[in-house]
Amino acid sequence: MNHMRELVLSHFQAFLLFAAVISLAFGFLGRRQPKDRIKYILWSFFLFLVVGIGIGWAMYPFSR
Amino acid sequence: MSEETNEAVQEPVQEPASPAAKAPSEQRALGLAFAGWILPGLGHALQRMWGRALIVFVSVGLLVAVGVSMRGNIFSSRGNDAFDTLGYMADLGTGSFYFVARALERSGTDVAHANGDYGTRFLATAGVLNLLAALHAYEAARGRKA
């Protein structure tokens, strides 16, 4: 089997991809109705972003 | 109204299910969870939860593919410390995809750079997510979750 081409993502791109995939899975596993799923996916994605960026900013003073 | 009449009107009380009667349901639920672990989404597909099956399959597959493409570390059973063992257990959570990842990974890991380190996290997350989905399939089969 051929090896895969290396994928290079920035921190933020990897973060967005991670948040999107996990939010989607959580939404489908956690809710049954389509409308509830969409709300849950968007809310989960939003929280991933807020918490991730928040932790990033909280660590900023210690980064140098 | 006499007690006799009362008893005649009452509906028959159902006997609680015996452990022997529960066993097939429990075994089926465990079987579905096992199927979901071996092939992501299969536990839900066998319960005709097509949307969930597809999403679990695609999510776990995508995370594994991205993790391997980013040259993340796929832990083996010959770990040096507890963290390697934990990583192995998380990676093994992807079931058959673990072996697909090992087959795809030919250029080695590169955790010296952030990209490879992110890949390692993607792979571990894929495993944990699949274990969560297998647990959900088990709970759904037991009638605890819809």
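# Close-ups of packed helices

**View 1. In chain B, helix α4(B) passes helix α7(B) in a left-handed crossing.** A crossing is called left-handed if the near helix is turned anticlockwise from the far one by less than a right angle, and right-handed if clockwise. Everything here comes from a predicted model, in which local features need pLDDT of at least 70 and side-chain atom pairs count only at pLDDT 80 or more, while totals for chains, interfaces and linings use all residues. Residues are numbered from 1 along each chain as its sequence is written, and chains are lettered from A and ligands numbered from 1 in the order in which they are written. Helices (H or I, at least four residues) and strands (E, at least two) are DSSP runs, numbered from the N terminus.

**View 2. Here's how α4(B) and α7(B) pack: at an angle of about 160 degrees, with their axes 7 Å apart.** That makes α4(B) roughly antiparallel to α7(B). (Angles under 35 degrees count as roughly parallel, over 145 as roughly antiparallel, 65 to 115 as roughly perpendicular and the rest as oblique.) The axes are lines fitted to C-alpha atoms, for helices over the stretch in contact, and angles run from 0 to 180 degrees between N-to-C directions.

**View 3. Which residues of α4(B) and α7(B) make the contact?** From α4(B), look for Val56(B), Ser59(B), Val60(B), Leu63(B), Val64(B), Val66(B), Gly67(B) and Val68(B); from α7(B), find Gly119(B), Phe122(B), Leu123(B), Thr125(B), Ala126(B), Leu129(B), Asn130(B) and Ala133(B). Sort the residues of this contact by type and you get 11 nonpolar, five polar and no charged. Contact means that the C-beta atoms of two residues, placed from the backbone, lie within 7 Å. As for the types, Ala, Val, Leu, Ile, Met, Phe, Trp, Tyr, Cys and Pro count as nonpolar, Asp, Glu, Lys and Arg as charged, and the others, Gly among them, as polar.

**View 4. Another partner of α7(B) is α5(B), and these two pack at an angle of about 60 degrees, with their axes 6 Å apart.** The two helices are therefore oblique to each other. α5(B) passes α7(B) in a left-handed crossing. The contact joins Gly87(B), Ala90(B), Asp91(B) and Leu92(B) of α5(B) to Leu123(B), Ala124(B), Gly127(B) and Val128(B) of α7(B). Those residues split into five nonpolar, two polar and one charged.

**View 5. Now zoom in on the largest nonpolar core, which has 41 residues.** Such a core is a set of buried Ala, Val, Leu, Ile, Met, Phe, Trp, Tyr and Cys residues joined through C-beta atoms within 7 Å. Ala25(A), Val60(B), Leu63(B), Val64(B), Ala126(B) and Ala137(B) have the most contacts inside it. Two or more core residues come from each of α1 (11–30) of chain A and α2 (19–38), α3 (42–45), α4 (50–69), α6 (96–104) and α7 of chain B. The largest share, 12 residues, is from α7(B).

**View 6. Chain A meets chain B: 19 residues of chain A are in contact with 24 residues of chain B.** The chain A side of this meeting has 14 nonpolar, two polar and three charged residues. One spot to check is Ala25(A): leaving aside its neighbours within four places in sequence, Ala25(A) touches Ile55(B), Val56(B), Ser59(B) and Leu129(B).

**View 7. Within chain A, α1(A) and helix α2 (residues 34–59) pack at an angle of about 145 degrees, with their axes 8 Å apart.** This time the crossing of α1(A) past α2(A) is right-handed. Among the residues making the contact are Phe15(A), Ala19(A) and Phe26(A) of α1(A), and Arg37(A), Tyr40(A) and Phe48(A) of α2(A). The contact residues divide into 11 nonpolar, five polar and one charged.

View 8. Most residues other than glycine have a negative phi. Yet phi of Arg48(B) is near 60 degrees, and Arg71(B) has a positive phi of about 60 degrees. Are they buried or exposed? Arg48(B) is exposed, with 8 other C-beta atoms within 10 Å, whereas Arg71(B) is buried, with 26. (Buried means 20 or more other C-beta atoms within 10 Å of the residue's own, exposed means 12 or fewer, and partly exposed is in between; C-beta atoms are placed from the backbone.)
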